[in-house]
Amino acid sequence: MIFVESAQHRMGVEADAVLRLGMLLMGAGTGGYRVIRAMKRVARALGFDRLDASIAVTTITCTFHKGDNFRTIVATQDSPGVDASRIEALENLTHGIRQQITAEWLNEQLDEIEKMVVKRWSLPVLVVAAGLACASFAVLNHFTLVDALIVTVAAASGQFVRGMLAKKHARQLASVAAGAVTACLMYWVIIELFGLTQAAAPGFVASVLFVVPGFPLFSAIIDLSRFDFAAGISRLAYAVTLIATATLSVALVSWMTGMEPPAHVPQVADPHFFIRAAVASFVGVAGFAFLFNSSRRMVGIAAVTGTVGNLIRLGLVYTGATMYAGAFVGGLAIGLIGWVASKKAHIPRTTTTVPAAVIMIPGPSMFASIYALNLGDMQMGVTAAATAALTVLAIGIGMVTARMLTDRAWLFGRHIDLDAPLPR
């Protein structure tokens, strides 16, 4: 009896270590597919016979099997986020396991990752990154140079407020709303202070795009493509909640100040625009990669990948393709280029492709839809919302297609086999 109790206790210690790894990955913002594969790699090295897990955006429910014993554990965490550097460190750990391990060894490695992999960039750097990223959106959406300069200051102000609240561990919805309101009000104050006409007002929508949750949005689409509804739907609900909070905050400020979002986003007007678009795409993707706590290497690779993908999208639209076809091919290009780049640089693909795709999110359409609904203009509101949703879906489908073309385990649904020997 003593031996049985000891074995069960040991199983519990090992299960807790595997679950801790999963919680760290989930908290870093990666999709359910990567979480379960990482957990199974470690469970195999610890000698488990089977692991069944359901991954959501804040909860993991898993059952471990070893011999005649099993153990079911549920764990939750309060506030999800995005940390590309932590995703890289945790995946490198699990991919590097080539022999049997102990729970103590695994916990030591996780302690080291939690201690060493911290926020790479200070708040001032993130403030500048947010300002430049949103200014890039302004350029890509054909706003004027004056608009772009104002957007830089407004978005930087909003990111500063959001960052300060995050440091104090405020709720995410509060920090998103405060950041969006600050950015909008700063934009309005500047155009009023300098006596600019209301023609500059529509540019304010670009100043709040730093709060759009691009990482969970695309991760949700990728999870749903695998019919992983627990992870996909919960992550999609999380992203939509953040978007709704941001857009409603913007709509409130818009109503109070009289600033109106653009009725539509103009398409590519001339070939010379591609030069500006290339620079804006590179800077914009790099800015968002900084916000995702990416390393310098990740920032550079994501920026190049996103620039190429976005130029392909714009080129197709310029030649007469629909915006949805352009978005699909752009997402496909990002997925394929990101696959090659991640192999060469030995980094997780998601840390390259998702930041690269964020630059193509139709933020102005999202905010225009809420503004229109606030005015009671159902036709404009539904049209803008449908445009935004279909564009994001097209980008996501392109990335999923690239994944199917380059990952046989993904395409054929092959999972980590705990009965198979460890890789050498």
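The structure before you is a predicted model. When the whole structure is searched, two cavities of 30 Å³ or more are found. The largest cavity holds about 180 Å³ of space. Helix 2, helix 8, helix 13 (350-358) and helix 15 (378-406) each give two or more residues to its lining. That lining comprises 15 residues, and R34, I222, T350, R403 and W410 are the ones nearest the centre. By class, five of the lining residues are nonpolar, six polar and four charged.

The second largest cavity has a volume of about 30 Å³. F137, L209, V212, F288, V358 and I361 line this cavity, and these six are nonpolar, with no polar and no charged residues.

Is T30 buried or exposed? Its relative accessibility is 1%, under the 20% limit, so T30 counts as buried. Beyond its neighbours within four places in sequence, T30 contacts L25, V35, I87, R235 and T350. T350, as noted, is also among the residues nearest the centre of the largest cavity.

Several helices supply at least two lining residues each, including helix 1 (2-27), helix 7 (172-193) and helix 9 (229-257). Which helix gives the largest share? Helix 6 does, with five residues. The pocket lining divides into 25 nonpolar, 13 polar and eight charged residues.

Methods: Residues numbered from 1 in each chain as written. Predicted model: local features only at pLDDT ≥ 70, side-chain atom pairs only at ≥ 80, totals over all residues. Heavy atoms only, no water. Helix = DSSP H or I, 4+ residues; strand = E, 2+ residues; numbered from the N terminus. Nonpolar A, V, L, I, M, F, W, Y, C, P; charged D, E, K, R; others polar. Buried < 20%, exposed > 50% of the residue type's maximum accessible area, 1.4 Å probe, protein only. Contact = heavy atoms within 4.5 Å. 1 Å grid on protein atoms, 1.4 Å probe; cavity = no way out; pocket = protein on both sides within 12 Å on 5 of 7 lines; lining within 4 Å. Points joined across faces, edges and corners; volume = space filled by probe spheres on them.
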